[in-house]
Amino acid sequence: MHHMARNLLGRYVWLIDTIRRFGSIKRDKLNQLWAQSPYSDDGGPLPRRTFYNYRAAIEELFSISIECNPATYEYYIAASDDRQEGVTDWLLNSAAMSNVLSTVSDVSDRIFLEDVPSARRYLSQVISALREHRQVRFTYRPYTRSTPTPGVVVEPYFLKIFRQRWYLTGRNIHDDKVKTYALDRMEDVTVSDDTFEPDPTFDAESYVRDTFGIVFSQGEPKEVALRTDPRQAKYFRALPLHHSQREAVHDDYSIFYYRLRLTPDFLQEILSLGPKVTVIAPPELRAMVTAELRETLARYESK
């Protein structure tokens, strides 16, 4: 099962990637390329029924829809929103990376990647549970507790990758609360045979929208203002901290505005920027930053 699931993910990605590379492609050309791919059975074409199954799965899993132009019989990928593009790009990049690296093994000792440990063992299982609305049961071994928690059962709502780690958010059955778990802290993962009805009131989109990083506690989103020097402002412009980012440019500084929850990840991000960034608002975020800095300084100054 596990081998097949991992293979399936590769097949989906191959299909998306190939159609996207060509822009639009006829079925026979697709067959020809499939026959040359590592996924083909003995160089055979992609069976019609398999193709339709993959299309349906790709649509459901990644919200990427493969359309057919009835005039030309060519398949293409329908335009989608930005978040969707992000998922697609991540998928294709990571797939492209592994494809490229498998063909350049002679230089692979000179190419260094960031490792995504959590993706290898359980990602495909968790994705299939997410897709089929099945409960996931696992032992959880967080860094914050010395003993692991066995028998955690979660109804999966969504997956998120942050800083090279995958996280699963869903309803913890026992606590009846929405919680988030790092995949690389899970052990003995099994997917239940029983399906569940997803909670119609839970909106993953809004849960994620007002967040930097991962939410482990549910605070309300706040209006945040950060002051930066012109040089740091260029970095923020090129790679915004969050999609809510707005900038007010002044003569020798900029102020960036955000709307987000004050998660530990966001606090760490601001601390990592050091003196290049100053929190103007809200007061509680300023207090969090100054408390951390005072404690750090006290550590260095204590004999």
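How do strand β2 (residues 66-69) and β3 pair, and over how many bridges? Select both: they pair in the antiparallel sense, over four bridges. Strands here are DSSP runs (E, at least two residues; helices are H or I, at least four), numbered from the N terminus, and two strands pair if DSSP finds at least two bridges between them.

Before going on, some ground rules: this is a predicted model, so local features need pLDDT of at least 70 and side-chain atom pairs pLDDT 80 or more, while totals for chains, interfaces and linings use all residues. Residues are numbered from 1 along each chain as its sequence is written, and side-chain values use heavy atoms, with hydrogens and water left out.

Stay on the hairpin that β2 and β3 form, with four residues between them. Click Y73 in the turn: its phi is positive, about 60°. C68 stands opposite Y75 in β3.

Next, rings. The whole structure holds 13 aromatic pairs (Phe, Tyr or the six-membered ring of Trp, centres within 6.5 Å; planes under 30 degrees apart are stacked, over 60 edge-to-face, the rest tilted). Select F158 and F202: the centres are 6.3 Å apart and the planes at 15°, so this pair is stacked. F158 lies in strand β5 (residues 149-162) and F202 in the loop between β8 (186-195) and α6 (204-209), 44 residues apart.

Last stop: Y12, W14, W34, Y39 and Y54, a cluster linked by ring pairs.
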